[in-house]
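Q: Please take a close look at one part of this model, the place where two of its chains meet. What holds there, and how are the two copies related?

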8 protein chains.
Amino acid sequence: MTDTKELLKQVAEGAVSVEDALLTLKREPYVDMGYANLDLHRRLRKGSSEVIYGAGKNAEQIAGILTMLMQKGQDNILVTRLDQDKYDAVKAMLGTAFPETYYKNARIMITGENRKPDGVGTVAVVTAGTSDIPVAEEAAVTLEYLGNEVDRIYDVGVAGLHRLLNRTDRLMKARVLVVIAGMEGALASVVGGLVNAPVIAVPTSVGYGASFNGLSALLSMLNSCASGVSVVNIDNGFGAAYQASLINHM
Amino acid sequence: MTDTKELLKQVAEGAVSVEDALLTLKREPYVDMGYANLDLHRRLRKGSSEVIYGAGKNAEQIAGILTMLMQKGQDNILVTRLDQDKYDAVKAMLGTAFPETYYKNARIMITGENRKPDGVGTVAVVTAGTSDIPVAEEAAVTLEYLGNEVDRIYDVGVAGLHRLLNRTDRLMKARVLVVIAGMEGALASVVGGLVNAPVIAVPTSVGYGASFNGLSALLSMLNSCASGVSVVNIDNGFGAAYQASLINHM
Amino acid sequence: MTDTKELLKQVAEGAVSVEDALLTLKREPYVDMGYANLDLHRRLRKGSSEVIYGAGKNAEQIAGILTMLMQKGQDNILVTRLDQDKYDAVKAMLGTAFPETYYKNARIMITGENRKPDGVGTVAVVTAGTSDIPVAEEAAVTLEYLGNEVDRIYDVGVAGLHRLLNRTDRLMKARVLVVIAGMEGALASVVGGLVNAPVIAVPTSVGYGASFNGLSALLSMLNSCASGVSVVNIDNGFGAAYQASLINHM
Amino acid sequence: MTDTKELLKQVAEGAVSVEDALLTLKREPYVDMGYANLDLHRRLRKGSSEVIYGAGKNAEQIAGILTMLMQKGQDNILVTRLDQDKYDAVKAMLGTAFPETYYKNARIMITGENRKPDGVGTVAVVTAGTSDIPVAEEAAVTLEYLGNEVDRIYDVGVAGLHRLLNRTDRLMKARVLVVIAGMEGALASVVGGLVNAPVIAVPTSVGYGASFNGLSALLSMLNSCASGVSVVNIDNGFGAAYQASLINHM
Amino acid sequence: MTDTKELLKQVAEGAVSVEDALLTLKREPYVDMGYANLDLHRRLRKGSSEVIYGAGKNAEQIAGILTMLMQKGQDNILVTRLDQDKYDAVKAMLGTAFPETYYKNARIMITGENRKPDGVGTVAVVTAGTSDIPVAEEAAVTLEYLGNEVDRIYDVGVAGLHRLLNRTDRLMKARVLVVIAGMEGALASVVGGLVNAPVIAVPTSVGYGASFNGLSALLSMLNSCASGVSVVNIDNGFGAAYQASLINHM
Amino acid sequence: MTDTKELLKQVAEGAVSVEDALLTLKREPYVDMGYANLDLHRRLRKGSSEVIYGAGKNAEQIAGILTMLMQKGQDNILVTRLDQDKYDAVKAMLGTAFPETYYKNARIMITGENRKPDGVGTVAVVTAGTSDIPVAEEAAVTLEYLGNEVDRIYDVGVAGLHRLLNRTDRLMKARVLVVIAGMEGALASVVGGLVNAPVIAVPTSVGYGASFNGLSALLSMLNSCASGVSVVNIDNGFGAAYQASLINHM
Amino acid sequence: MTDTKELLKQVAEGAVSVEDALLTLKREPYVDMGYANLDLHRRLRKGSSEVIYGAGKNAEQIAGILTMLMQKGQDNILVTRLDQDKYDAVKAMLGTAFPETYYKNARIMITGENRKPDGVGTVAVVTAGTSDIPVAEEAAVTLEYLGNEVDRIYDVGVAGLHRLLNRTDRLMKARVLVVIAGMEGALASVVGGLVNAPVIAVPTSVGYGASFNGLSALLSMLNSCASGVSVVNIDNGFGAAYQASLINHM
Amino acid sequence: MTDTKELLKQVAEGAVSVEDALLTLKREPYVDMGYANLDLHRRLRKGSSEVIYGAGKNAEQIAGILTMLMQKGQDNILVTRLDQDKYDAVKAMLGTAFPETYYKNARIMITGENRKPDGVGTVAVVTAGTSDIPVAEEAAVTLEYLGNEVDRIYDVGVAGLHRLLNRTDRLMKARVLVVIAGMEGALASVVGGLVNAPVIAVPTSVGYGASFNGLSALLSMLNSCASGVSVVNIDNGFGAAYQASLINHM
């Protein structure tokens, strides 16, 4: 967007023809693979390379996208929602020349090296129960990928309030908090009341019956009586981590 | 039910004819007013007189039922969900010979004298916010009517946890707790985790947007991660009080 | 919580230093295993050892938690929602030195000896149909684990009212009733109208189509026209049993 | 439909021209008033005159339709969902030459004389509570309009089972039963289990909170564990009566 | 119920003692198998033997119930929702001495001989599409089991209205109609407008996306603008057949 | 969008400076009134002037927007969802110099002259009932405003199929059809099966109970078994008309 | 329908007897296979042969229908929702004499030759993401089958607006647009605001958590603030294509 | 919380007695008014004084709370959801000695002086339409109260993308963005894709029909395909502002 003025200037100066200018606007910065349009300028615009949402793509598509991105010089790519089987298939296609780490719990694959922490403070990732950990790991691994120091505080749900209160110091030290809970999702409100930092709440599909696959926790968090709480989609550890990282890098 | 054997005995002894026995079974213990069947034995069976749910009846019907019950010697009747206007209309019909108390906040009318407390312990009525008080008063007044000592602990929602923790003693002293909250309803889980007594949770319709008129609090409470919590209908202060009183009189 | 005063006293008397007091408050009574915080004082606070919700944990986690709890001297632990396969895996990890009983129908494992009944009366566990029995067994086995005498009354749904009425005596003798039904869940209201004891209703996911996995029974029970009925989550036999046991031990 | 053959015969015999036949097919048996198409043959096809659903029409439209129908010789018309205000407005337009009866409770107006009962047996209209009576009266008045003997059995909800069991004889005598209940709607299942006749269940919007304006009773009735129960829309007393009358006239 | 008077008479005459009378009332007519209470008088009360809902029972339970019922002389039993695998398991347990027919499409097993048609007229079973046929066969086989002549009219959905109109004669000849449709369920309204007989509508879970597993068809049928239509649960071919048979035997 | 190339050309030719080009891009073609951004080029881009959705704006805002648009030379403006009271208020503010027509039934105000029909064919606006007419009029008046010939076919719901079939010619003659129905919304499928032209279905909130304010009709139409049917929002007569007009002007 | 007049004429002329005329009306143009009624005149009425919805039919039924249709001279048949396994089974039954193409991505089988493009313009099929492509291919293959030129524009979701804006020319050139998106479905509104042609929006079930299997995208598209957008069922690529083709052939 | 150590130290030093320490913990920092517990330390803990949610409190309660807070020296209090009537009543009770400003559009009252902007950057408040402005003003006034510079960008919904793109500079300059939209809520995704700052999305109840009072926009925003977007409750301008201010003050 900010290049428009530059381009217009070049057009005015005759350095760039009208046709070329139009072409430039149309061709860049995407690579069109037919089934996917890859954003090569995303690191510039958004501060990190393209992120691949693995759930809706088959192994061929993921391998194809990775190959293309690496050909274009993108060497630090995050793939989310990649279960073990699909990961194995992708790996089989790409072979050993393909440097990456797979985080099974988090269902995440990252190519290249992990970024050094460069965020301002620490991001706390807090869960109500053990069952929420896969979502928490999706958040934690994403946060580390995006250059944040992470403090994992797991299984401190409100039914045993001492567990939580005993971590008050760590909660208070965090610059941003990602609070993850299923069932009744009360943890977000309680943490939101204790701290004076932004809380990003992630409802999880943990539970049964009237949890309705996370709806209960979602509504609970949206209705939080504590100020300073906002919410992302059910099980969306990545989304919470992304926003938390934005805030932690301000 | 337990009278059936007695009646059968009397039939066997010839003291009661078959026809009369059948008639008795059919006629008692209800008074059929066409639009209402009044249960005159309810005090025996259930420990309190007939309770009138005022919301779905017009003033004429309520006045008619009260008149009939009082003619039948029932002198301590609870009418719930009776707003000021309907109460005024009922009062205008029944006049001064009609001893009663009206609890505006609770929307409850009670005829006759209030019962002395005869429950084993105290029932705590706890609310998350000020807006939950009308439901709490419906519960508290009902509890007092049913012979319970009530400890009102209002506006101690989890967003300011200190407010709640500072009342830990009173919470722990209660034999049963009625916990009332709208919005995200987290209070039930937190209280349920603190005490070792039965918690009856009442979701309220307090809130807006994604509270969906109490659905959020309802689901939250049903999914409580704390043990020992059960739930009644949205805004059903009466129902929670009734069960709490049953437990407190055991 | 009640130890705070004691601790403060010891601080005042110089028996405990400020630093130690703080440390004590922070460290106890939980064991932090990273993926789980185990509550070792739960028996004191809540009257029973830690309960493990098996559904959201894998076999490794359950075996790890059991091992730790037993090392800490907790010898009577309940694991719920443990299906046969996961139970087999846990057992394979822990071996024969691991005394336990597995209740297949109830999907429950209990380590150590069962507690002798010490509740005041009997808890009736009542189901509408045969299909509700797994939930009922979760409730019944939990009740026995918590020291209650249980009266199982199964398959007495309201479509054949005689089946229910013929058990009126047993229903009336119970100190608390756990009433379990899927489909339209009408049993809770009918039983609630017959007895004068607290009824804890458990909707089940039994049914199809417009039962919406238990929603129909859940709403039905929440709207019960009978007084004295409260409700727990769909299929939550454990939760109902827990509250029933609390009441039966008062 | 059955006239098509007759018409074709007349065409074959030359008694009716092709154009006239087409015209006949197109013109009859409706009167097109622009905003309404009136069915003048409905009594033939369906056994009763046109029924006007008053809720979605204004007073002018209702008065217009009534005038047209009466001009066409239809003298026994049912208007449903007509509240007092709209009725007054209609009456003011049509004046005294307009013979009719208004049933305030049922929100029904009927022109002309009521039909003599000509159904085979009696239709029982049964309600759980007093608040269900307006819907019950819509059903009962419609049933009488359609020529049925009606037995009104009101306020016999399952929370006081004796009230219902004491009417077993009347329930059993009915040829068809219309069972009307709000809240948890359990009455339909219980009655369905007692009788051996078709039960048409009408959920009502009576209740609050998790009754969700009748959804609870609706789902409950659709999931009835009793055989022989079918369901109509929430508050649809007319629809239940219509089908009950069809059955009672077989 | 109707035997109560008789029993009372015998008590009055001394022919039956009070204790025996009570015992009789309590013991009969159910056989309590622990996991199931079998109704042996159902044929008397309801006109057909016990029906077994197979979905929520395992093969052992079904085989056990069948064995018991046959020992008690019930030789014509319907088992619904019995898929091929469970049927095979039941058959393997009961062996060749066990005369029965299995209807794979309908997922129904019937023991003994089919009843001769003794209903007054024909029951039409009408479907919108080919995919609705399993539900339709559940209805049709049940209807035949209950003694009805069935006219199967399949795949006549409203998108091709000619298919339906060409069967108008058969539709009109039916004494009762069971109309089965998924997706938008419009067939019920259209058939309801054509005929003058009771229509029992069965929504099916056929469809995808916004059919929400039959919710769309269910709501559609409940809101039918045609008079004389009532509705049963989604996919409940049995329930519709049961009520249709009741009506057809009046 | 298409002007970008033109502008770039002028920049290249030096006819327009870079700064001016940027300014132009930023300033046009909107007028920013603070509370509203008015699109002055909409007639060019979309074929009609700005349309004002009246429901969410107060009279002052509507009057302000109209005044501004007319100052900018826009003389043929459509305001939708404008009830009588708000219209009166707007009119009072703008006075007599303000040429407009108000369509009460359609809740639409149009300034200036109506456009002459210039669409290719006729658009049929079809309703199931009388109560659907306000939505139909919103569609019809919008269609006429957009230059279409409209054929109104009202009250031809599927419960009386003859009413519909008798209009088959008119239905078949239409180039596009807007089909409007509440309750079960079956009309869309039936019309969709009869014609070979695009059908745009409009569910209405007409109905009660399980119509859930139009949800039933909406789902029904989305699940239409007829090909060639698409759907707009509940009661969105304007939206259907807009798309129909686009199609009719191709 | 249009043949009725012709037939009547022949009856009038004596060329056809009344009985034969009736028979003709009843027998044609369907072939009744018991489980399916095949429409042989569909090409005449609707412009394309019968389309088979494969999801609710088993392989035997599909093979049977294909055989029958081909016997009746229908040589260009579309089968939708046919997954690989079912396709293989159908092919195994019908053998090599059976000329067809299978589109795996689109889950579509087409017999005979593809039709040459005869639509007026191009139909753009636009998706938000890679995961939406199967639905898009169902639309695209259907469109080609129906004689349309298709422009596939995939993976241009609004999170990277440049990708979309760079295709503005192609979007603007399309005569009709099928816009396909899951998750929040915003693409439909953005495209609807850019173009001046009809947009048919297809929500997909792509997403997780609060996408509720496509509900989010569905509601989003129904509430589109852009004019000219209508919506079909979730994942209904076929339906959108069908209507788009109708419009493109006008 | 952080004072606990201090207090313990004083206890250890004998400066504070155990009883006094306990008392202190219990009494502070709340004022218990019976119907409300006022938090006097909130400014310390949370950075702003107590905020009063006006919707669930009557005028007496609000006036009482304000009086108490001002007595306690709190002179800059925000009251939200205070409609004109309730504001007038509060003002009448408190009189002229009560310095405050009322923001009618925002339904907010603020006592005392507004805080000077002390946030790091600007917070953009962006709306899709004119109807979203009341929610936007609730956000904007709250932001100003909390010390933020606000840039209001109203009525830039995605249906007219130019309006939005022309404000790209202002969007990009904001440190945090509050994006407010009803209907399909697409604006959040589009803005989220354009900027590299945290976006807090507020769904509004603006819309009708299938917007289901904001549900559509809520789901849309939760499913946003753009990274960096989190969501608050429907119409919760205050909540979004609160979190945005937290972030802007980091």
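A: Start with charge pairing. In this predicted model, the count of salt bridges between chain C and chain B is zero. Polar contacts are another matter. Ten residue pairs make them across the interface of chain C and chain B, with both partners at pLDDT 80 or more.

Next, the elements involved. By class, the side of chain C that touches chain B holds 16 nonpolar, twelve polar and four charged residues.

Now the extent. Chain C brings 32 residues to the contact, and chain B brings 32 residues. The area buried between chain C and chain B is about 2800 Å². Carbon and sulfur atoms give 59% of that area.

Which surface does each copy use? Of the interface residues of chain C, 97% are also interface residues in chain B, so the copies meet through the same surface.

Last, the geometry. Chain C superposes on chain B by a rotation of 180°, with 0.0 Å of shift along the axis and an RMSD of 0.2 Å. That is the relation of a two-fold axis. Within chain C, Val231(C) has the C-alpha nearest the axis, 2.5 Å from it.

Conventions
Residues are numbered from 1 along each chain as its sequence is written. Chains are lettered from A and ligands numbered from 1 in the order in which they are written. This is a predicted model: local features need pLDDT of at least 70, side-chain atom pairs count only at pLDDT 80 or more; totals for chains, interfaces and linings use all residues. Side-chain values use heavy atoms; hydrogens and water are left out. Copies are superposed by least squares on the C-alpha atoms of residues with pLDDT of at least 70 in both. Contact means heavy atoms within 4.5 Å. Buried area is the accessible area (1.4 Å probe) that two parts lose on being put together, summed over both. A salt bridge is a side-chain nitrogen of Lys or Arg within 4 Å of a carboxyl oxygen of Asp or Glu. A polar contact is a pair of N or O atoms within 3.5 Å; within protein, one must be able to donate a hydrogen and the other to accept it, and residues adjacent in sequence count only if both atoms are side-chain atoms. Ala, Val, Leu, Ile, Met, Phe, Trp, Tyr, Cys and Pro count as nonpolar, Asp, Glu, Lys and Arg as charged, and the others, Gly among them, as polar.
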